[in-house]
Amino acid sequence: MKPRHRAYLLAAAAGVAVGLAAAAGIVYRKQIKSAASLKRLTGYADGYDLYAIDIAYDYNLDRIIAAGVRDDQAYIDAVVAQVLPGVPAHVQAPQFACSAFVAVDAEGRVRTGRNYDFKDDTSALLVRNHPRDGYASIGFAALNNLGDNTPLDSVAGRAAALMGPFAQLDGVNECGVSIAVLTLDSKPCDQDTQRPVINTSLAIRLVLNRAATTQEAVDLLSAYDMHAMAGRDYHFFINDAAGDARVVEWDPHDPDRAFKATPVTQVTNFYACYDDEVLPNQKNGELGHGKERAVAIADVLDAHVGAQDEAVAWKALRAAAQEPNPEDITSNTQWSVVFDNTEPAAAITLRRHWGDVDAFAL
């Protein structure tokens, strides 16, 4: 499950206050507009809610990549330079698991299902992004990764929410390409073949901004060296409006971490390229775990071949969802989302509130 995007973007409160005070100038006009769009959409008693933000500011993705992102702080420094220059911030990263799959209904409508699992509860941030030189997209970030689960309560929280486009764990763009990041148990990938370097978070942003098909996403990612963030390893589930679903991975058995793109229907936290070597209900060394959740999803989807509508997608998500377990960091489904790849949109529920779904068009 998770992009291991696994990035905590925590803006220092004092620095943020100074930075946003300066925002009265033209430099921060679009940042102020973005921050003003931040809204809370739910009101759960536990205080972990769904928020939404519309990103109005411009950023240069190529400049962030060119800054060098082989370590997490270099990445966040490059992002802050684009979003809130002069504001200090630092990166941390949690661990989490996930499930993802493709479903196709009788009319040929394609959907992507995705559970985001993590032991600690978090608020979620719906990020609507309309980059000047890329495709529009919608997706979700974990607000505890951004350092503030109640971002409307402070200037620092609003500033942290502005980092949403660079902390997303999943999303779908206007072309119908969706992507979700899931953690693995292997040694973190850190390729060095002299190609440009991207990290886990940038891979998500790159695909949503620039890929019109799964094949384009595969071609994009294969052109870069991959640096896995926060001391964890990851793979990506990518799908498009044609239902071309693949898992992008970096082979843990290869010293050079060869790039692999494997066609799949569903996946969890194990290597799809070594599917035959992974067993359910156990750890499988560097090849990963959680295959029992993939089997549960497959059982639902296989029972509805040719008729995997939205109701079936939600049934599959429920089959793979996880209850809280304080002893298991990859437990506790924080959100479940169904992305519509045919007519790009998202429907989400937080923490297994299956009767409380919010839907959003791109």
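## Helix 9 and what buried means

A residue counts as buried when its relative accessible area is under 20%. In this predicted model, helix 9 spans residues 310–320. Its buried residues are Val312, Ala313, Trp314, Ala316, Leu317 and Ala320. An α-helix has 3.6 residues a turn, so residues three or four places apart point the same way.

Asp309 caps the N-terminal end of helix 9. One of the side-chain oxygens of Asp309 lies 3.2 Å from the backbone nitrogen of Ala311.

Strand 10 covers residues 178–184, and seven of its seven residues are buried. Side chains in a regular strand alternate between the two faces of the sheet. Here both faces are covered. One side carries Ser178, Ala180, Leu182 and Leu184. The other carries Ile179, Val181 and Thr183.

Which strands pair with strand 10? Strand 9 (residues 168–173) runs antiparallel to strand 10, joined by three bridges. Asp170 has Ala180 as its bridge partner.

## Empty space inside

Rolling a probe the size of a water molecule over the atoms shows where empty space is left. The count comes to one cavity of 30 Å³ or more. The largest cavity holds about 40 Å³ of space. Its lining consists of Cys189, Thr200, Met226, Ala228, Asp233, Tyr234, Phe236 and Trp250. By class, that lining has six nonpolar residues, one polar and one charged. Strand 13 (residues 233–239) gives the most to the lining, with three residues.

The largest pocket holds about 210 Å³ of space. It is lined by 14 residues. Nearest its centre lie Asp190, Asp254, Pro255, Asp256 and Arg257. This lining divides into four nonpolar, three polar and seven charged residues.

## Salt bridges

Side chains of opposite charge can pair when their charged atoms come close. How many salt bridges does the model have? The count comes to 18.

Asp62 and Arg210 form one of them, at 3.1 Å from N to O. The pair links distant parts of the chain, 148 residues apart. Asp62 sits in helix 3 (residues 61–66), and Arg210 sits in helix 6 (residues 200–210). Are these two residues buried or partly exposed? Asp62 counts as partly exposed, because its relative accessibility is 41%. Arg210 is also partly exposed, at 25%.

## Buried pairs and a network

Arg257 and Asp233 meet in a salt bridge at 2.6 Å, N to O. Arg257 lies in the loop between strand 14 (246–250) and strand 15 (259–263), and Asp233 lies in strand 13, so the pair ties together parts that are 24 residues apart in sequence. Arg257 has a relative accessible area of 10%, so this residue is buried. Asp233 is buried too, with a relative accessible area of 1%. Each residue also has a place in an earlier section. Asp233 is in the lining of the largest cavity, and Arg257 is among the residues nearest the centre of the largest pocket.

Asp105 and Arg111 form another salt bridge, at 3.2 Å from N to O. Both of these residues are buried. Finally, Lys30, Asp58 and Arg132 are linked in a network of salt bridges.

Definitions and conventions
Residues numbered from 1 in each chain as written. Predicted model: local features only at pLDDT ≥ 70, side-chain atom pairs only at ≥ 80, totals over all residues. Heavy atoms only, no water. 1 Å grid on protein atoms, 1.4 Å probe; cavity = no way out; pocket = protein on both sides within 12 Å on 5 of 7 lines; lining within 4 Å. Points joined across faces, edges and corners; volume = space filled by probe spheres on them. Helix = DSSP H or I, 4+ residues; strand = E, 2+ residues; numbered from the N terminus. Nonpolar A, V, L, I, M, F, W, Y, C, P; charged D, E, K, R; others polar. Buried < 20%, exposed > 50% of the residue type's maximum accessible area, 1.4 Å probe, protein only. Pairing = 2+ DSSP bridges. Polar contact = N/O pair within 3.5 Å; in protein donor to acceptor, adjacent residues only side chain to side chain. Salt bridge = Lys/Arg side-chain N within 4 Å of Asp/Glu carboxyl O.
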